[in-house]
Amino acid sequence: MMSQLILMTAQATSLAATNHAVDAPMQRPSSAPSWADEFNGAGIDPNAWRYDTERNAQGWFNHELQYYAAVRPENARIEHGALVIEARHETLRAQHDWGGQAYSSAKLVTRTARGYGFYEVRAKLPCARGTWPAIWLLPSGGTWPDEGEIDMMEMVGWQPEMVHATLHSGAFNHRLGTQRGAAKHVPTSCSAFHRYQLDWRPDAITIGVDDRAYMQVRNDQAGGKAAWPFTRPYNLILNLAIGGDWGGAKGVDDAALPQRMAIDYVRYWQRAPQ
């Protein structure tokens, strides 16, 4: 994760929350994005993305089973105008930071942190048991969960086609059983691209799919930063984990690997605080 971010995210099957479900339209901005990566180049843009490999040697949080490779096309590449993050059943013993993992994958983090605005990531997800794809946001520095976490999309392969949106903060997180979120069944999430969306404003965070919101959390709770730390820029993260306390709750189907998450584009429209 970020170099100074301490994450104690022992995710479990209770991570999912349904306490902030909504059903409402989402309005994507009609103007050109403030920033976008359409993944139309020959390779991953090193000025836009970095690989997070920080905890390969000691192991990743949540008891995940993957080794996150850097600049390795088997795990992350541009293919037919999309970013492909691929998880494989293999041991990379020759890597200097290999920590004994039997799986490889990749985790990409934006080099620039961004804040309030509208985010859209068009993606196609893997559905094999043991996979755990995620599109999420974290700030750099500080401790988890005090600095906050925005899970724009998570799905675990043992519960295919059910996407989750969740917020974590000091007062509202899964360690306390107070996490705020919702889930939505997306029947073709593994066979077709869908637009996963985040509308981040000072007074509310709304998350949806294909212009329809299914989660909204308002900034209406006492507690200051412990309730609402979502006031500074965060980095966007794209990764495909294998196993873990939540993703691996029903084991890993090795025969189904390799599996991939494909991202057609990432777009961001900046919004000034109001």
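Q: Why is M215 called buried?
A: The relative accessible area of M215 is 0%. Buried means under 20%, exposed over 50% and partly exposed in between, with a 1.4 Å probe and protein chains only, so M215 counts as buried. The model is predicted: local features need pLDDT of at least 70 and side-chain atom pairs pLDDT 80 or more, while totals for chains, interfaces and linings use all residues. Residues are numbered from 1 along each chain as its sequence is written, and side-chain values use heavy atoms, with hydrogens and water left out.

Q: Where is M215 found, and what is it in contact with?
A: M215 is found in strand β16; strands (E, at least two residues) and helices (H or I, at least four) are DSSP runs, numbered from the N terminus. Contact means heavy atoms within 4.5 Å. With neighbours within four places in sequence left aside, the contacts of M215 include H20, V22, A165, L167, R180, I205 and I207. A241 is 26 residues from M215 in sequence, and the two C-alpha atoms are 23 Å apart.

Q: How many residues of β1 are buried?
A: The count is 0 among the 5 residues of β1 (residues 21–25), which is hardly covered. Strand β9 (residues 117–124) is mostly covered, with 6 of its 8 residues buried.

Q: Which strands does β9 pair with, and how do you know?
A: There are 7 bridges from β9 to β14 (residues 194–201) and 8 from β9 to β18 (residues 259–270). The run is antiparallel with β14 and antiparallel with β18. Y119 faces L198 in β14, and E120 faces R267 in β18.

Q: Why is the link between C127 and C190 called a disulfide?
A: A disulfide is a pair of cysteine sulfur atoms within 2.5 Å. The S to S distance for C127 and C190 is 1.5 Å, so the pair qualifies. A search of the whole structure finds 1 disulfide. The link is right-handed, with 55 degrees about the S-S bond. C127 lies in the loop between β9 and β10 (131–138) and C190 in the loop between β13 (180–185) and β14, so the link ties together parts that are 63 residues apart in sequence.

Q: Is C190 called buried, partly exposed or exposed, and why?
A: The relative accessibility of C190 is 24%. That value falls in the middle class, so C190 counts as partly exposed.

Q: What makes the sheet of 7 strands open, and which strands are its edges?
A: The strand order is β3-β8-β17-β10-β11-β12-β13, with antiparallel pairing. The edge strands β3 (49–51) and β13 each pair on one side only. Within the sheet, β10 and β11 share 4 bridges and run antiparallel, and W136 stands opposite D151 in β11.

Q: What makes I263 part of a nonpolar core?
A: A nonpolar core is a set of buried Ala, Val, Leu, Ile, Met, Phe, Trp, Tyr and Cys residues joined through side-chain atoms within 4.5 Å. The largest core has 51 residues, of which W49, I150, W200, I205 and I263 touch the most other members. Not counting residues up to four places away in sequence, I263 touches F39, L83, I85, V121 and F193, among others. A second, separate core of 7 residues includes Y68, W132, A241 and W246.

Q: Why are V71 and H80 called exposed?
A: V71 has a relative accessibility of 67%, so it counts as exposed. H80 has 82%, so it counts as exposed too. V71 is in the loop between β4 (66–68) and β5 (76–79), and H80 in the loop between β5 and β6 (82–89).

Technical notes:
Two strands pair if DSSP finds at least two bridges between them.
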